[in-house]
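Visitor: Please pick one part of this model and take me through it up close. I'd like to hear how it ties in with what surrounds it.

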Amino acid sequence: MSKLYVVGTPIGNLSDMTPRALEILGSVDFIAAEDTRVTLKLLTHFGIQKPLVSYYEQIKNQKGEYIAERIAAGESCAIVTDAGMPCISDPGEDLVRICAERGIEINVVPTATAAMSALAVSGLSTSRFSFEGFLSVTKKQRNAHLEEIKDYKYTLIFYEAPHKLKNTLDDLYGALGDRRIALCRELTKIHEEVLRGRISDMIKYYGEREPKGEYVLVIEGAPKEKERYVDVEEAVDCARKLIEEGVKTSDACKEAAKKYGFSKSEIYSAIVEEYR
């Protein structure tokens, strides 16, 4: 029967591959893959031979309709990503939407996701959380994103690439303050590592070494108002004094945010307002 299968693959350890995922991958007519080279290695490992169709961000618009048309014509397709669940911060979500709009049946074959696995071992609250995906590489959009979520009281989860990690930690520190964080990398692999501490600790740690591997960042939510032992005006006053001593406005707000537990943007906005 023609349908789309959303098939999860291991996030690192091939022993996590499920029997049902193997069954589906071995039975479909073709497989849509984020990177056909990565998927071919996976299929070869398990002795599966199936036609592969590339489906990634840059070509999703033209390939999405093509794949949906093949399914509507009677073929079955499995969509996979390089690791974990497809369609989560992934172009596969567009293919699911296209197929849903056409009335094509969609089944899910679940597996572990890096976000949930990292949350489980983070040591932070798991009762409520927000998955925020990747921050934009565009400074304006990145700042707008962080400004929007800085007051969320629940745990935040981000994905980040190694070459962007240092800048991201700096931006998180400036926007959210010095919160508790868990940095999770290489989950389920030989070099699995979970670092727990404050954002400032991670900035210092990676100031002395280069990040390696794909990261999941799990960050505690904003403190409740009653937990703040000072008024924001004290933090603003601290920044104001630093500026009078010659410290740049941005650096002064950053230092005050670290000291008093407010976000840099809160203090900066108050400072700017004074000069209007």
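Guide: Let's start with the largest cavity, which has a volume of about 40 Å³. A cavity here is a set of points on a 1 Å grid over the protein atoms alone where a 1.4 Å probe fits but cannot get out. Points are joined across faces, edges and corners, and the volume is the space filled by probe spheres set on them. By this rule there is one cavity of 30 Å³ or more.

A word on the source: this is a predicted model, where local features need pLDDT of at least 70 and side-chain atom pairs count only at pLDDT 80 or more, while totals for chains, interfaces and linings use all residues. Numbering runs from 1 along each chain as its sequence is written, and side-chain values use heavy atoms, with hydrogens and water left out.

Who sits around the cavity? The lining is made of Ala-32, Ala-33, Glu-34, Tyr-55, Ile-79, Val-80, Asp-90, Pro-91 and Gly-92 (each has an atom within 4 Å of a point). Strand 2 (30-33) and strand 4 (77-80) are the elements that give two or more residues to the lining of the largest cavity. By type, the cavity lining splits into six nonpolar, one polar and two charged residues. Ala, Val, Leu, Ile, Met, Phe, Trp, Tyr, Cys and Pro count as nonpolar, Asp, Glu, Lys and Arg as charged, and the others, Gly among them, as polar.

Now look at the loop between strand 4 and helix 4 (92-101), where you'll find Cys-87. Cys-87 has a positive phi of about 75 degrees despite not being a glycine. With a relative accessibility of 15%, Cys-87 counts as buried (buried is under 20% relative accessible area, exposed over 50%, partly exposed in between, with a 1.4 Å probe and protein chains only). Ser-89 is also in the loop between strand 4 and helix 4. Ser-89 likewise has a positive phi, near 50 degrees, in a residue other than glycine. At 38% relative accessibility, Ser-89 is partly exposed.

Glu-34 turns up in the cavity lining, and it leads us on to the largest pocket, which holds about 1,100 Å³ of space. A pocket is an open set of grid points with protein on both sides within 12 Å along at least five of seven lines. The largest pocket is lined by 38 residues, and the closest to its centre are Glu-34, Thr-81, Asp-82, Ala-83 and Glu-214. Helix 2 (36-45) gives the most to this lining, with five residues. Helix 4, strand 7, strand 8 and strand 10 are among the elements that each supply at least two. The pocket lining divides into 17 nonpolar, eight polar and 13 charged residues.

Strand 10 deserves a stop of its own. Five of the five residues of strand 10 (residues 215-219) are buried, so the strand is largely enclosed by the rest of the structure. Tyr-215, Leu-217 and Ile-219 point one way, while Val-216 and Val-218 point the other. In a regular strand, side chains alternate between the two faces of the sheet. Strand 10 runs antiparallel to strand 7 (residues 155-160), joined by five bridges, and it pairs antiparallel with strand 8 (residues 180-185), again over five bridges (pairing takes at least two DSSP bridges). Opposite Leu-217 you'll see Phe-158 and Leu-183.

Phe-158, Leu-183 and Leu-217 are also among the residues with the most contacts inside the largest nonpolar core, which has 20 residues. Such a core is a set of buried Ala, Val, Leu, Ile, Met, Phe, Trp, Tyr and Cys residues joined through side-chain atoms within 4.5 Å. Helix 7 (165-176), strand 8 and strand 10 are among the elements that each supply at least two core residues, and helix 7 provides the largest share, six. Within it, Leu-169 is in contact (heavy atoms within 4.5 Å) with Ile-181, Leu-183, Ile-199, Met-202, Ile-203, Tyr-206 and Leu-217, leaving aside neighbours within four places in sequence. Another core, of 17 residues, lies apart from this one and includes Leu-4, Phe-30, Ile-71 and Met-85.

Stepping back, the chain has 11 helices and 10 strands, and 46% of its 276 residues count as buried.

Methods
Helix = DSSP H or I, 4+ residues; strand = E, 2+ residues; numbered from the N terminus.
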